[in-house]
Amino acid sequence: MNKLFSIGFWSAVARFILRNRPLILIIIAVITVFMSLQWKNMRFTYTEANLLPDEHQVNVEYNEFLSQFGEEGNLIILGVKDSTLFTVSKLNQWNQLSKKIKKYNEVELVLSLNELKVLEKRKDSAAFNLVPFIKDSAFTSENIERYKYELFNKLPFYEGLIYSPSKKSIRTAIYLKKDIVNKPERKDFIINDLIPLIKEFENDTNLDVHTSGMPYIRTLNSQNIIDEIGLFIGAALFVTSIIFFFFFRSFRATFISMITVIIGVMWAFGILGLLHYEITVLTALIPPLIIVIGIPNCIFLINKYQQEIKLHGNQAKSLQRVITKVGNATLMTNLTTASGFATFILTNSKLLKEFGIVASINIIVIFLLSLLIIPIVYSYMPQPKNKHLKHLNKKWIGTFVDWTVRMVKGHRIAIYIAAVFLLCISIIGIFNIKISGSIIEDMPKKTEFFSDIRFFEKEYEGIMPLEILIDTKRKKGVMKLATLKRMDELQNYLSDLPEFSKPLSVVELVKFSKQAYYNNNPEYYQLPNSQERSFLLSYAKSSTNDTELLKSYVDSTGQFARMTVFMKDTKTDRFDRIEEDLKAKIDKIFPSDRYNVTLTGKALVFQKGTKYLVNNLIISLSLAIFLIALFMAWMFRSVKMILVSLIPNLLPLIITAGLMGIIGVPIKPSTILVFSIAFGISVDDTIHFLAKYRQELIANHWRIKKSVFAALRETGVSMFYTSIVLFFGFSVFAISSFGGTVALGILVSITLLFAMLSNLLLLPSLLLSLERSIANKKTLKKPSLKIYTDTEIDNSEGKE
């Protein structure tokens, strides 16, 4: 009864689809229009991906820092390394550029040569005046040389801010208003205003301007993501359509499949808009993923339809059987694929959660669209001709399948030896895998802004902000000489680390004040001693109120101080050692009973986020394996069958992990997705093979060898088709300019290729070797998943 009910259910589904064709097509069209209207709600990300959950301690500390000092990533820097800059015409144009930029509403402050201020001791009170560094109304060759000498030799305060430690480059610092840093206005200003101004300056002066800073990097990086979405979709459609046509040699079949996945892509964008999710480097992958995953559904359905036509030539019966025989197996394979993505929903990372939700929903959506559109469209078309069925007899595919049969039949020991050898090599490779928490590693290496990042790293010793928040636990505690000396000791420690730039804090202003008090003698650029403390600190306090640059480095109560240091792109293991040593140094310098000192900033948050993702990789992959094991248990009702089915799918993951360690591809936010995605997809072949194997066992009266080879011959062709489509489909990500996306595409492609060979060679070998213990009537007698025989379907239809 259960069997007949199940067959009856799918027969009812088939009848419903074929009897309500116009209605179903109208509903699909209406939903497609509705989804298209949701595109306007899609938002593009304007911040770095925060990989940590909101309640994570690192995020809590970072938000506490932001509440004290506001958004940190509001600095854009323009740099020039060219001795000809110090000529009258070019220096005038450089200063004019900064004046033009300063006029924009989005700009809070511009710190450039013409805007530089120096402190001048007042005679009427204990304070300083801020006076312009450049006092002449016009530049001449003589005064330019004087200013250049004074800047490089008498103003250590501006080292790392305006001129590089090597004294070979000059830069302008642009501070954006903090309230627009994470809004669309930032992008509009940078793309439409700032970049054209810089290009105009470069054309007029023949100087190369290097531009960087977190707002600039984020804007151009996001623009690259947006630009690549269309490229990926076009490339995925082109590659899959070419392969599809090569297999089927039918424009009609190719066109129908392409229309199906294009509708799926439209729905994917619509779901992103409907849920108001941001387009990130991960969610941007979903539309092409839908194409790559949707095409195998089309292959299974069209291939089965053509097989049925070739068998008996009855179109109506063929369409009925396509839905009934392929629908249930394809549903289960799509569910396992979706479950691989859905495991990300259970993580606490917002980025991964959104990716998992949208990807898993759209995988089920593309299955439903394939199941509805393909039979309906074919029902309106004439029956396929013999030329459309020729691909079913391709000799070269038959040769490949025959090779797999020969290997399984006569070389099982060789298959096991190869599997064990690859396993051992891979385990060695796994121990060499590195973790990368670099913000810039996945950024497009060939872009101009990436080379500019490297320029500033070299010239100014860092670009990624690391913040240190110092709580003195009392009001006005920052300006106490004891606190300033402790901060200076910490700054000296940071300056000695090659990964860090010169730190910036209120300490620099106090040193600048002492230098000004002693008639701007650079030898006095230091903190006051105990005798100078009372009068010099009163000068410095007065000056702090008038200094725009440093007013955000001490809060309004004087209790909290901020120290900013810019960090080079640093490997995770080195960063961990730096962090450990730095915390030990902080504990030594700042007694915990008098100070609370917190390390924070974008660089730290991203590093910690990557480590958090690595932990979640283990959790999400374990969940994927567990969920798919439950599917197997429900479908085949056998613990031994679960083990046999999991081994051929875990081996390719281990091989890929080992390959990453051998060739030096690190674990990072992009490559971390490889394993769950590949596992969810590769297990589809296992389900198709085992379901067909069970059917052959019944048809062949539980003769094991005959059933294994019959299942291998029939499913081998479909496995080969779908694996080739998936291999080349994921390979399109290799055209990306983002290193992480390239690695993701190549690694998933390699994993799926190994998975195909594993399911065609290792899985049937295990079934044959363990036939006595697993392949008996009790094992697969009444599985929940069935590929129905023609007789079962005909009997079911006759009873209704």
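1. Start with helix α6, residues 184–205, in this predicted model. Glutamate 202 and lysine 199 sit 3 residues apart in α6, so about one helical turn separates them. Their side chains meet in a salt bridge, 3.9 Å from N to O. Glutamate 202 is buried, at 14% relative accessible area. Lysine 199 is partly exposed, at 36%.

2. This pair has a further partner. Lys199, Glu202 and Glu448 are linked in a network of salt bridges. The structure holds 13 salt bridges.

3. Look next at helix α15, residues 448–460. Arginine 454 and glutamate 457 lie 3 residues apart there, about one turn of the helix. Their closest N and O atoms are 2.8 Å apart, in a salt bridge. Arginine 454 is partly exposed, at 36% relative accessibility. Glutamate 457 is buried, at 8%.

4. Helix α19 spans residues 572–589. Glutamate 579 and lysine 583 are 4 residues apart in α19, about one turn. They form a salt bridge of 3.2 Å, N to O. Glutamate 579 is buried, at 7% relative accessibility, and lysine 583 is partly exposed, at 42%.

5. Now the helix packing. Helices α8 (residues 251–274) and α11 (residues 350–379) pack at about 145°, with axes 9 Å apart. Their crossing is right-handed. Contact residues include Ile256, Gly264 and Trp267 of α8, and Val365, Leu369 and Tyr378 of α11. By class, this contact has 17 nonpolar, 4 polar and 1 charged residues.

6. Last, the cysteines. The structure holds 0 disulfides. Cysteine 298 is buried, at 0% relative accessible area. Cysteine 424 is partly exposed, at 43%.

Definitions and conventions:
Residues are numbered from 1 along each chain as its sequence is written. This is a predicted model: local features need pLDDT of at least 70, side-chain atom pairs count only at pLDDT 80 or more; totals for chains, interfaces and linings use all residues. Side-chain values use heavy atoms; hydrogens and water are left out. A disulfide is a pair of cysteine sulfur atoms within 2.5 Å. Buried means under 20% relative accessible area, exposed over 50%, partly exposed in between (1.4 Å probe, protein chains only). Axes are lines fitted to C-alpha atoms, for helices over the stretch in contact, and angles run from 0 to 180 degrees between N-to-C directions. Helices (H or I, at least four residues) and strands (E, at least two) are DSSP runs, numbered from the N terminus. A crossing is left-handed if the near helix is turned anticlockwise from the far one by less than a right angle, and right-handed if clockwise. Contact means heavy atoms within 4.5 Å. Ala, Val, Leu, Ile, Met, Phe, Trp, Tyr, Cys and Pro count as nonpolar, Asp, Glu, Lys and Arg as charged, and the others, Gly among them, as polar. A salt bridge is a side-chain nitrogen of Lys or Arg within 4 Å of a carboxyl oxygen of Asp or Glu.
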